[in-house]
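Subject: Structure handover

Hello,

Here is the structure for you to look over. My notes follow below it.

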Amino acid sequence: MVGFIMKKIFTVFAILLFTSAATTIADPQYYNYNNGTSYNSFPFNQAAGKMIQGLIAAGEFNQPGGAPSGNITSFSVRISNGYPLGPVTYTQFRILFLDTNLTALPSGSLVSGNWDTVYYRATTATINAPANTWLDFPLDHPHAYNNTRTLVFQIEQCAASGTFTGFSLQHTTTGTFRRTFSIGGCPFSYGGTSLYVPNCGVNISINCGYTWASQVSGVTNLLQAVWTVNNNVVWAAGAAATVRKTTDGGTTWTNANPNPGVITGDIYNIWALDVNTALCTTSPNATFIYRTTNGGTNWTQVFTQTGGFIDAIILRDANTGFAYGDPVATRWSLWKTTNGGANWDSTGLYLPQAGSEAGWNNAMSIVGNDIWFGTNNTRVYHSTNFGATGSWSFGASTGSVSTYGVWFTNATTGICVGTV
């Protein structure tokens, strides 16, 4: 069972998107060149490992029009006409980005700095890319791009096996040093610098321009759970049985547990149907679920489990909902309600524990009959039949041991938050 102190950690970690391996596409949204004057095979055709750095000047992603500032979600390189790649399989394959004010790469050294690793595969899927196409890598997490600054990228791999003959990437000749390459395999060391810039492109998700403003909750207790009902009604909860509620979009917050004594301990999760009906969980020694139907004026204990720790509650409608918690006696704590949270039942909901795995606060998402929840064991569990025994499977959250948050917009598209 994950310790109570660790359960309270609410640091924001890197966002991990569910992405596939590299694919070929017609054109990225924005690119620098697609008809290079030269070509080179680095770093893709070196069995012993290879690395290159390339510099994209501010505003150079200008085809077919200028790229705006935003979040880079994928990165592409251009495969030369008549020179296909692969199939090749790589080990320790990475793509890294660095934002700088450089206008050219230094001669005699590699660029150093606070690199952002945007794509990593310990053993990447085999790449088999036709000639005269863009080889596109969906990033593991978005990279914030500023179109007034220089972007330096680094592509590296520590070993490769497959078909290398005849492969090359397109490059364009410039008047400044724009590409640096390593010599030998891993670890990488400076090998040389050239006037060529690789032909590359990006897909960018535009920043929506949302703004954030601080609001006064009226309490100093730690708030660690929140649920938004609509633009006006929001519930928040936290330490020492604290529950706060706003009905005017956050302008004012009121006490939604004004008659203390029923809720015991710190609240780790809260869910609300509307301005009156809400559910919350605490786990001081046993685990509890509490329910209110009068806006928080009064709360009723509707569930308890000795030795348990309920991590999340979500109702998909006014009646039917699901709760998941840390395993007890080697099985996950899975519970369902069909009367709006008044009663909870685990009949027909069996999922065995793997090792010593446990869950995390608020790390659950529901879309129709599909349920997902996160763990501290690299796994994201998924049920296609609202938690029924035998309907569960799991996928590994690549690069992440703990999955602190999970959210899906439909049965196939989702995002999780964890540690890398």
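Helices (H or I, at least four residues) and strands (E, at least two) are DSSP runs, numbered from the N terminus. On that basis, Pro 43 lies in the loop between β4 (38-40) and β5 (50-56). A cis peptide bond joins Phe 42 to Pro 43, with omega about -5 degrees.

The model is predicted: local features need pLDDT of at least 70, side-chain atom pairs count only at pLDDT 80 or more, and totals for chains, interfaces and linings use all residues. Residues are numbered from 1 along each chain as its sequence is written, and side-chain values use heavy atoms, with hydrogens and water left out.

Overall picture

The protein has 1 helix and 34 strands. Its C-alpha trace spans about 75 × 45 × 35 Å along the principal axes. Of its 420 residues, 49% count as buried. Buried means under 20% relative accessible area, exposed over 50%, and partly exposed in between (1.4 Å probe, protein chains only).

An open sheet holds 5 strands in the order β2-β10-β6-β17-β3, with antiparallel pairing. The edges are β2 (23-25) and β3 (30-31); each has a single partner strand, so one side of each lacks a neighbour in the sheet. Two strands count as paired if DSSP finds at least two bridges between them. Strands β6 (residues 70-78) and β17 (residues 200-206) are joined by 7 bridges. Phe 75 stands opposite Val 202 in β17.

Ser 383

This residue is worth a look on screen. Ser 383 sits in strand β31 (residues 379-383). It is buried, at 0% relative accessible area. Its side chain reaches the backbone nitrogen of Asn 385 at 3.2 Å. A polar side-chain atom of Ser 383 also lies 3.5 Å from the backbone nitrogen of Phe 386. Leaving out residues up to four places away in sequence, Ser 383 touches Asn 369, Asp 370, Ile 371, Ala 388, Ser 391 and Trp 392. Contact here means heavy atoms within 4.5 Å.

Backbone points

Pro 87 lies in strand β7 (residues 85-100).

Asn 132 is not a glycine, yet its phi is positive, near 60 degrees. It is found in the loop between β9 (127-129) and β10 (134-145). At 38% relative accessibility, Asn 132 is partly exposed.

Thr 330 also has a positive phi, about 65 degrees. Its loop runs between β27 (321-328) and β28 (331-337). At 53% relative accessibility, Thr 330 counts as exposed.

Best regards

Methods. Polar contact = N/O pair within 3.5 Å; in protein donor to acceptor, adjacent residues only side chain to side chain.
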